[in-house]
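I opened this model to look around and keep a few notes.

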Amino acid sequence: FTGALLPILVVMFTAMIGMGLQGMLGFKLNNFTANIPIFVAAIGVADAVHIYWVWLLARRHGKNNNDAIYTTLSKNFLPAFLTSATTFVGFASLIPSEVIPIQTLGLATATAAVFAFLLSVLFLPALLAIINPKIAANESFNFDEDETHMPAWAHQYSDFIINNQKKILVTSIAFVLFFLAGFSRVNVDTDAIKMFTEDMEIRQSTTFIQDNVSGPANFELILDTKNEGGIKDPEFLKTVEKFYTEYYATHKTVHHLFSILDIVKRFNVVLHANDPSFDAVPDTKEMVAQFLLLYSLSLPQGMELNDQMDVGEQYMKLSIQRDMTSSHVSLAELEWVETWWGNTPYGAHVNGQMSMYTYMQENVTDTLFQSISLAIVLVTLILLIAFRSVKAMLISLAPNLFPIILVVGLMGWLNIDINMGMAIAGVIIIGVAIDATIHFLVKYRYAREKGKDVHNSLAYMITFSGAAIVFSTIILSLSFSINAFSSFIPNIHFGVITASALIVALITDLFMLPAIFAYFDKDKKTK
């Protein structure tokens, strides 16, 4: 019961502190920061489970409560500190982002990593000292650090790793190469309407409008004639008319274009007895001015053309109604528009909510990939400083890059686009998955420093960290898997990808990492 309650208290208190700080700092909840409680669970549960697990082992093997607390802190303080530091820098890498919700997410989760560490090494041991849970002793193996007597299953595990080390490494390398090949097929893209499942009302309504009414997505194109009163110039309007023709012909996503050009051409037809041959731009600037004046006089009192042009009649708005498409298609369309107008004497700039959203999707994804790169660099520096060994640093990083390589490569082979959900998952994987590697590496190095051979060091490592790592990974995977029931596709992708990657990271840490130890360390004495 205490094993369930105490780590949960650490998670709850960390979440309360994190969310409370968000409120005190005036940050609002959004579709990114709404996931903070799940991130906090990922951050807070790992160290708490490790600390409780070693305390439980010590109590089961004859140590009193105070000695068990000392034992668990002496074995877990360094790895807990390192895992918290790597998690902190992993999420802090989001803070430089110019997208405020992502910046807020990075700040909140990085802060939570600090408080989760403090609660794990201060609050949890203090609570154990106060309540002193009764644990029945079970002398199945000698708990003292200098003894080589570990449980039988731990020795069987060591034998399996040592006897199959080459097979494990060759298989791991083969998988890495296969999934690396999938990188060439990866596509970064986001489709706004497809972010929602088909049963969601917003997707059904948008699809109905798109199929039966008009394009639900709008681009607002601001055209600069370069001269005051230039909107009335027939040459400018004929250029706009040519743009209409080429836009309709080039882009199948467009439903309707509208600007002052339509008003002028319509008045030209009406004032010539609805003769279709006059469906064209008038020949003189004065005629255009007369048509616009007539249209202004026909509007209800108080309404003018200021929503279509500026007071100086230099800038004109052109509205583009189009389908909801992926960000990749939208960006290509925006680039085409600006390139087309760049080859004319006039200027153009695309505005509007949809263009802003299109650029934001790309900025978010690019920012997150930059954050992943920054996180890897910072984590590398921390490991290098902590272990003072390039070899130990490389050993720590290798198993944790494997889950990212596998997930991204698999998405490439399955032709699944990388979107915001995947990009966020990458930061989580870097920040959380490396925790197990650090615990294993610290325990293994400690055993080697005590003079144990590779076999007994692996047994020591799996005894004091194996169960905690397995349990915490299962807890985290189940926590993130809850997102699979969301109606928001990026959340679904985030949950499934993160849970899968954590399981892959667990398998990697249980087999690939110790195989690396066994193959490269042999039985040399560790300095």
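**Entry 1: Ser 120.** I found Ser 120 in helix 4 (residues 100-131); helices (H or I, at least four residues) and strands (E, at least two) are DSSP runs, numbered from the N terminus. The model is predicted, so local features need pLDDT of at least 70 and side-chain atom pairs count only at pLDDT 80 or more, while totals for chains, interfaces and linings use all residues. Residues are numbered from 1 along each chain as its sequence is written, and side-chain values use heavy atoms, with hydrogens and water left out.

Is Ser 120 buried or exposed? Ser 120 is buried, with a relative accessible area of 0% (buried means under 20%, exposed over 50%, partly exposed in between, with a 1.4 Å probe and protein chains only). I then listed what Ser 120 touches, leaving out residues up to four places away in sequence: Val 10, Gly 44, Asp 47, Ala 48, Ile 51 and Pro 125 (contact means heavy atoms within 4.5 Å). Ala 48 is 72 residues from Ser 120 along the chain, yet their C-alpha atoms are separated by 5.2 Å. A polar atom of the Ser 120 side chain also lies 2.8 Å from the backbone oxygen of Ala 116.

**Entry 2: the cores.** Next I checked the nonpolar cores, which are sets of buried Ala, Val, Leu, Ile, Met, Phe, Trp, Tyr and Cys residues joined through side-chain atoms within 4.5 Å. The largest has 108 residues, and Leu 383, Phe 480 and Phe 517 have the most contacts inside it. Helix 2 (residues 36-60) gives the largest share of this core, 17 residues. A second, separate core of 37 residues includes Ala 192, Ile 193, Leu 223 and Tyr 244.

I also looked up Leu 383, setting aside neighbours within four places in sequence; its contacts include Thr 86, Met 393, Leu 397 and Ile 438.

**Entry 3: helix 13.** Helix 13 (residues 390-413) has 17 of its 24 residues buried. Just after helix 13, Asn 415 takes a positive phi of about 60 degrees.

Entry 4: I traced an open sheet of four strands in the order 2-3-1-4, with antiparallel pairing (two strands pair if DSSP finds at least two bridges between them). Strand 2 (254-258) and strand 4 (347-351) stand at the edges with a single partner strand each, so one side of each has no neighbour in the sheet. Strand 1 (residues 217-224) and strand 3 (residues 315-322) pair over eight bridges, and Ile 222 stands opposite Lys 317 in strand 3.

Notes: A polar contact is a pair of N or O atoms within 3.5 Å; within protein, one must be able to donate a hydrogen and the other to accept it, and residues adjacent in sequence count only if both atoms are side-chain atoms.
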